[in-house]
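Dear colleague,

I am passing on to you the structure below, together with its sequence. My findings follow directly after it, and I would be grateful if you read them with the coordinates open.

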Amino acid sequence: MKRILSIAVLIAGAALLAGCPKKHNVNDAPVAGTQVPDSSANAEGASTSTSPLDGDANSTARGLNGEGTGPLARKIIYFDFDKSEIKPEFADIVTAAAHTLSGNPRLKMKLEGNTDERGTREYNIGLGERRAQAVRRALMLQGVAESQVSTVSFGAERPAVEGDDEAAWAKNRRVELVYLP
Amino acid sequence: MTKLFPCLAVLLTLACSMARAEFVVEVTKGQTEAIPIAVVPFAPPELTAASFDVAQLVSDDLARSGRFRTMDRKDMIDQPHSGANIGFDDWRRLNNDYMVVGTMKADGTDHYSITYELYNVLTKQRLLGFQISSNRPGLRSAGHQIADAVFEKILGIRGAFSTRIAYISVLGHLPDKTFQLIVADADGENPRVVMQSREPLMSPSWSPDGSSLAYVSFEQRLPTVYVQTLKTGDRRVISAHAGVNQAPAWSPDGKKLALVLSTRDGNLDVYVLDLASQVLTRITDDPGIDTEPQWSKDGQSIYFTSDRAGGPQIYKVGIKPGDKPRRLTFQGSYNARPRISPDESQLAFVTQENGDYRIATLDLRGRGDVQVLTKGHFDVSPSYAPNGAVLIYASRDKGRGVLALVSADGRVQQRLVSSEGELQEPAWAPF
């Protein structure tokens, strides 16, 4: 029963990726706080699924890491300056990832923590790790096995966008949720 | 007084590949009491054009230190090559306190003989007199050695012109970046790429003998600490634990590395790895971020950054079990990345002032005075020259990552402008 459920979740997720109209691109994700989860997209997306799924963890990871707009596809959580608390508007991303992971125990996820460029480089590695761990804890609280989730911190070394103003910084203070192949 | 230097060329043959990132040095803030000195050309223009202008390099080194004001060649009344030919009264009228004169001759193919002398123009006294033999590639090093000798003779501080720096250069733009670890002469010349990756490189740290660099590489998309021997290019993995592997720092005896590792739940702490026995000892144990370790001169303590009290501040802890960390910085809400001066009289670090990040020093011997040395918006990663007179750090110029220098007293500032790349994390090599 659980397996059937997990496949259902995966199909719903993959369908979202395949079927949703592209409203915004992951790369120009807006400044933290302005992006509101669109829960109605869920049902619509699922009904137009064309994506094949063979239940293999590899192809699942590929599908889930594709671009899209729903909570499952939107895989970046943004943070306030010097903070590692997950803001309420990103809770749905965590919940969707937790459902996917707990429903498919073979699936693994890497959480990549990042900071903006301000501050010292090694201290920023610590901040990035703290953010990634905040997401990891939230996933585990929702039933994800510890072994499924790993973290890495790039600190300020891998910005999503270049620039030295608040608009750029806000897009760089983030945790990226990456399904591993 | 004759001293023969061995052939210097071997130093220059270690290159993996050459990087074109030569520096243009701009003195942004000079010292008003700079000492006037004239370095007279050593050889006729034909010979320097065919080989190398050693006297110009000596003059440039001295000027760049900010401690000297060098005379322009076109202002020189004549070009004497030895003390016997110096008209001291005339040179004194040109307001020169010191003069360097010398000769350079080609002895056969690819061999040069240089003599030089340093004079006090006021007393007409000869302070230095040496001969140097070199092949063509070694002439640049010969010039730095002359500048070192002159600097030390006049100021009583060992010159650091012959030393090297390491730094990270980031080329290209998202999503197509290349990270290079570069070793160059202290003046930015002879840059050599010793490591290149499409993923971030971080935190280069020199071994105390200057033979190796420890650094962090994300080439596996995970942080790994490597130690690379520069002469051979050989490198080995030093730390690749699950989680964080960061901020390597050599102990003064070169036998241990301080590292930052994380527990499964992501708590960063400072550890010490004994390189021979591979025994790992945990030094800090606190739920906050403990990072950026730096050894005390006696190798018995470690300075580090910790946010255990809220924001990042600098602490010092003994490496013996049970030692309690002692907080050193109290002024301001953000003080991080400590680096001690070679005599451990001063601690340089990054401090935040009104949203800007700047290089500051903490007096470790007197009353603990804090002095902010720089005025940039984003000045980070300070590293002392091995003579303690100057610090190199990473700064920002029109949005671009550059390296800059500031004297340890803050009075002299310079910017090293590279022709390409975002430059970051400079680390000054030992003597």
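In the hairpin of strands E5(B) and E6(B), five residues lie between the strands, and Gly108(B) there has a positive phi near 70 degrees. Please note that this is a predicted model. The two strands, E5 (residues 98-106) and E6 (residues 112-120) of chain B, run antiparallel and are joined over nine bridges. Among these pairings, Tyr98(B) has Asn120(B) of E6(B) as its bridge partner. E5(B) also pairs with strand E3 (residues 35-39) of chain B, in the parallel sense and over three bridges. There, Ala38(B) is bridged to Met99(B) of E5(B).

Domain 1 (32-155) and domain 2 (164-428) of chain B each contribute at least three residues to the core. Leaving aside residues up to four places away in sequence, Val54(B) touches Phe42(B), Met104(B), Ile114(B), Leu139(B), Ala142(B) and Gly143(B).

Val54(B) is also one of the buried residues of helix H2(B). This helix (residues 54-64) is mostly covered, with nine of its 11 residues buried. Leu57(B), Val58(B) and Leu62(B) are among the buried ones, as are the charged residues Asp61(B) and Arg64(B). After H2(B) comes Gly66(B), with a positive phi near 80 degrees.

On the domain level, chain B is divided into domain 1 (32-155) and domain 2 (164-428). Their centres, taken over C-alpha atoms, are separated by 36 Å. How many residues of each domain are in contact with the other? Four residues of domain 1 of chain B meet five residues of domain 2 of chain B. On the domain 1 side, these comprise no nonpolar, one polar and three charged residues.

- Asn95(B) is not a glycine, yet its phi is positive, near 65 degrees. Asn95(B) sits in the loop between helix H3 (88-93) and E5 of chain B, and it counts as exposed because it has 11 C-beta neighbours inside 10 Å.
- Glu344(B) likewise has a positive phi in a residue other than glycine, near 60 degrees. The loop that holds Glu344(B) lies between strand E23 (335-340) and strand E24 (346-353) of chain B. Glu344(B) is partly exposed, because 14 other C-beta atoms lie within 10 Å.
- Leu174(B) and Pro175(B) are joined by a cis peptide bond, with omega about -5 degrees. Pro175(B) is in the loop between strand E8 (164-173) and strand E9 (176-185) of chain B.
- Asp234(B) belongs to the loop between strand E13 (224-229) and strand E14 (235-239) of chain B. With 10 other C-beta atoms within 10 Å, Asp234(B) is exposed. Asp234(B) and Ser212(B) are 22 residues apart in sequence, and their C-alpha atoms are 9.6 Å apart.

Turning to chain A, there are six helices and four strands, in the order α-α-α-β-α-β-α-β-α-β along the sequence. Of its 181 residues, 50% count as buried. Among contacts in chain A with a separation of 6 or more, 81% are between residues 24 or more positions apart.

Confidence in chain A calls for some care. The mean pLDDT of chain A is 73, with 59% of the residues at 70 or more. Where pLDDT is low, the predicted coordinates should not be read in detail.

Finally, the two chains meet in a contact formed by 20 residues from chain A and 29 residues from chain B. On the chain A side, helix H5 (121-141) and strand E3 (149-155) of chain A are the elements that give two or more residues. H5(A) gives the most, nine residues. By class, the chain A side has five nonpolar, six polar and nine charged residues.

With kind regards

Technical notes: Residues numbered from 1 in each chain as written. Chains lettered and ligands numbered in written order. Predicted model: local features only at pLDDT ≥ 70, side-chain atom pairs only at ≥ 80, totals over all residues. Contact = placed C-beta atoms within 7 Å. pLDDT = per-residue confidence, 0-100. Pairing = 2+ DSSP bridges. Buried ≥ 20, exposed ≤ 12 C-beta atoms within 10 Å, placed from the backbone. Domains from an automatic or database assignment.
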